[in-house]
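Welcome, and take a moment to get settled before we look around together.

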Amino acid sequence: MADSEQFSFPSEEKKVLSFWKQIDAFQSCLRQSKDKPRYTFYDGPPFATGLPHYGHILAGTIKDIVTRYAHQSGFHVIRRFGWDCHGLPIEYEIDKQLGIKGPDDVAKMGIKAYNDECRKIVMRYSSEWQTIVTRLGRWIDFDHDYKTLYPWYMESIWWVFKQIYSKGLVYHGYKVMPFSTACNTPLSNFESGQNYKDVNDPAVIVSFPLDEDPNIRIIAWTTTPWTLPSNLALCVNAKLDYVKIRDNATENVYIMMEARLGTLYKTDKEYTILDRFTGDALQGKTYKPLFPYFESMKEQGAFVIYCDDYVTDDSGTGVVHQAPFFGEDDYRAAMNFGVIKKGGKVVCPVDPSGKFTDEVPDFQGLHVKDADKLIIKKLKELGRLVHQSVCKHSYPFCWRSDTPLIYKAVPSWFIRVEDIIDGLLKNNAKCYWYGVPEFVKEKRFYNWLKGACDWNFSRNRYWGTPIPLWVSEDMQEVVCVGSIDELEKLSGVRLTDLHRENVDKVTIPSKTGKGVLRRITEVFDCWFESGSMPYAQNHYPFENKEDFESCFPADFIAEGIDQTRGWFYTLLVISVAMFDKPPYKNLIVNGLVLAADGRKMSKRLKNYPNPEIIVSNYGADALRLYLINSPVVRGETLKFQERGVKDIIKDVFLPWLNAFRFLSQNIKQWEQTNGGKFVFNENTFSGSENSKDKWILSFTQSLNQFVRKEMEAYRLYTVIPRLVRYFDQLTNWYIRFNRKRIKGEADQSSCHSALQTLYSVIYTINRLMASFTPFFTEHIHQNMRQWLAVESIKDINTDSVHFLMIPQVKESLIDHEIERSVARMQAVIELGRVIRDRKALPIKYPLPELIVIHKEKQYLNDVLSLQDYILEELNVRDLVLSSEKEKYGIRLRAEPDNQLLGKRLKGSFKTVSAAIKELKDHDIAELQEKGELVVNGHTVTIDEIKIAYTVDKEHKIDETAYEAHSDNDVLVLINVTPDETMLNEGFAREVVNRIQKLRKKAGLQPSNDVTVFYETPKSNEENQSFLKVITEYKNYIENAIKQPVTHGFARSDDNIIIQDTEVKV
């Protein structure tokens, strides 16, 4: 329990877990709140094919904090875990496991067998997920989870899709899409943007002889040589300047953009300009094809030059090679110019695995990326290669397989997102984003929505929810099915499982004499499935209709910033398409957790500690608090450091534990002394007359008020730091200043008042912290329950701290004036401590004088009201207050930060540095007020200058005796030259300190009676001084240690416990 000297946070957490299981704590919470107002939370579903990492833990912790807090605030919060079970993450694992290279391999084994294999691994790590999530203290329902493979979930997806289809927002089209050759499927635009990498690709400049004069060659640049066999046109910018040049080395004549001559030539001596013209002069000219594979297309208008504004002057040669079925802009421009036509020949000689087909016999069977070298070699043989180099650029990779994407024209199904952009923008404005800078919502996400493309939601895969479209062979008759009942009515077949192996067999009779309608082969993008979870997790609208509609949109969702273009986006698109409503009201976006070296966490590199080991060593509460008290809660990145978790134990949990131990020990001592039971009744507790009690009570209630206000606005990033800092205020200020009162060394009435106060604030902070650190608060609560007055908890279930509500703010206890006074007292003491540390003067040695200078009289009055605490804490004899620093010859001194300024100003640093050192008081005051100052023509900021106070040499005050320090608000001076009396008193305090250390070393308790012997072996001047101090301060020493001190060695029959210390005068 809490009074044990040895306390293991991880071990105690395991006891708490057992306790929660014993009382069925989570479900008990839900039963207790079932009649309260609903608070709706959506949990984004992870895949169970991998173990949870710190990103999952962080997001899960934020979700747990907010939903626990909502429950403690009087709401009924259903929390169900969800699983993403379909899509590329599952299929990719199976493809690797079974060595599947493409659709032909799946066809050989059959869709049923393939999907059976997928089904086997869907929940591979589900038990580990449940174990880890539970161990981390997250309360969420795994027994009533949702899985995207459940038939009822898939049926709701069908219904969602039919609503969108019925609005005319679905169409079938041929579009150039990001395509994963490893996964044999197109990806949506937002998926392709999730995994960009810097890569080195071959860059080639290729010549295209004009038909009108083959000696004139127009030259184009590309970083995708593999697309050159599919070249059908060239594109230039009509308004920009082009030149015809002669290469002085080869005598070849080229046409390229004038602004891009530097791409091929280092100096203008390497070429001769023969002619200048704008790009429109080239439109309509034809050229000789690079390869013979599609030269028959020339009759249909291919191998022509046309103009488009997308050609720029910032890369390449200003001539863009066009492979219309491998580039989005290429496709659009070629369609506009009539090089390709709807229903015409598709020049796309690459199969779903990314390999060239027999249409390109020279490279047939090669993966396009592997074919680059051979294509370049072929170009060289054909005399078409003008220049070859390497280009480093950012390139999209498949988010699942981590292989390079290609862009490829595929027949796909799309949602007309471009038609609902206004609705997306309008509804996004109704959502509140927290944890990220405003620009993430107002700029980044806004711009993403504003430029949103139609969503390719179909996947040429197998393990997923089949798209419920039955079509005739000519695609002219289409039936969209929205439920299992509707399919049975149309086909006569009743299905209990909606996967492809079952659904693909079902046909629907045509109503227009086209035979039978068959289902299209595609399945839904798994993002469509997760984006439909608000409806599908409730099997809406087939069940829970009223319940769902009363709680939509969700009050709260949370995920990482990487979901901005993922789950957040798909939730919004589907909700707006169906209901023209936002799907959520409040959104917390967390940043990314990186390894300590700033790189992405990698299992292969082993550059981060296993989360389970961290929890095992330090406990889940410490990990939770470390993560949420970091920049990630503001949408920034966190470089994970194990020592950061360890520091949370040291800086938060140990002081908290010690504060409670101190309370517990002294309550028991009070009970023993007074012969009665200590009881705390929160309902009748009205505070204390003691000023320090008043302060900590007011400070605690102000914190309570702040937490309530900020949590209502989901500002975790302001709440957590204040909660964490509270324990320093509690232990290092309140308990430290009231130790004697709490221990009963004053009088029992004052002791009881202090104990009531300390119990009140720990009981309050424990409930405020319960959502953030659920284990330790439970431990503390179980130990505190014994002292709660029975009448104060009537009709309240106190079996767990998590059954209790957030305490109401007691405004009667809030005293802003005393909080202000104590804050100012603390500022003075902190500055005084810095001065002592700077001069290496231990606190044991008293100093003559402390001077506090501030221009406001109220500030000085506040300091005066608490001067006893200041004098005692800083061990200073006298306190002087003043509003005039000039009276003491104090002036400001500025010094440049050599590292910061030197790096920025470089050659100008020397002169600016000298000028900074000569700045006057009024200049420095202006810098402090405005945050910046112009010095020698350069603007310097307050962060680049170190400001200190100094004493004028010519002033009457002795500059060697006084040391000054300031926090830019109050100025403190201390006379750091003690007299002999003060030195002697300091020495006496040192003696007390050494005695207490010896008692501790001997393993003695404060209550053990001992006699202290001292001796001075040599009779010299130093030892005489020692004896003088001991004699003069004997009463002080004995009162401090509460034991007698005797001169001379112990007798041989005395029981010597320990002897081992030296004290030098």
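In which strand is Asp143 found? Asp143 sits in strand β4, which covers residues 141–147; helices (H or I, at least four residues) and strands (E, at least two) are DSSP runs, numbered from the N terminus. Before going further, please keep in mind that this is a predicted model, where local features need pLDDT of at least 70, side-chain atom pairs count only at pLDDT 80 or more, and totals for chains, interfaces and linings use all residues. Residues are numbered from 1 along each chain as its sequence is written, and side-chain values use heavy atoms, with hydrogens and water left out.

Back to Asp143: its relative accessibility is 67%, so it counts as exposed. Here exposed means over 50% relative accessible area, buried under 20% and partly exposed in between (1.4 Å probe, protein chains only). Asp143 and Phe81 are 62 residues apart in sequence, while their C-alpha atoms are 8.5 Å apart in space.

Now find Asn590, in strand β26 (residues 584–590). With a relative accessible area of 3%, Asn590 is buried. Setting aside its neighbours within four places in sequence, Asn590 is in contact (heavy atoms within 4.5 Å) with residues including Leu58, Ile62, Glu559 and Val632.

Next come the helices. Helix α4 (residues 88–98) packs with helix α6 (residues 111–121) at an angle of about 110°, their axes 9 Å apart. That makes α4 roughly perpendicular to α6, since angles of 65 to 115 degrees count that way, with under 35 roughly parallel, over 145 roughly antiparallel and the rest oblique. Axes are lines fitted to C-alpha atoms, for helices over the stretch in contact, and angles run from 0 to 180 degrees between N-to-C directions. Among the residues that meet are Ile90 and Leu98 in α4, and Tyr114 and Ile121 in α6. The contact of α4 with α6 has six nonpolar, one polar and four charged residues. Ala, Val, Leu, Ile, Met, Phe, Trp, Tyr, Cys and Pro count as nonpolar, Asp, Glu, Lys and Arg as charged, and the others, Gly among them, as polar.

A second pair is helix α25 (residues 748–769) and helix α26 (residues 774–784), which pack at about 145° with axes 9 Å apart. The contact of α25 with α26 holds seven nonpolar, three polar and no charged residues.

Finally, step back. The protein is divided into domain 1 (36–151 + 421–453 + 527–594), domain 2 (185–409), domain 3 (650–814) and domain 4 (980–1047), with bounds from an automatic or database domain assignment. The C-alpha centres of domain 2 and domain 4 are 91 Å apart.
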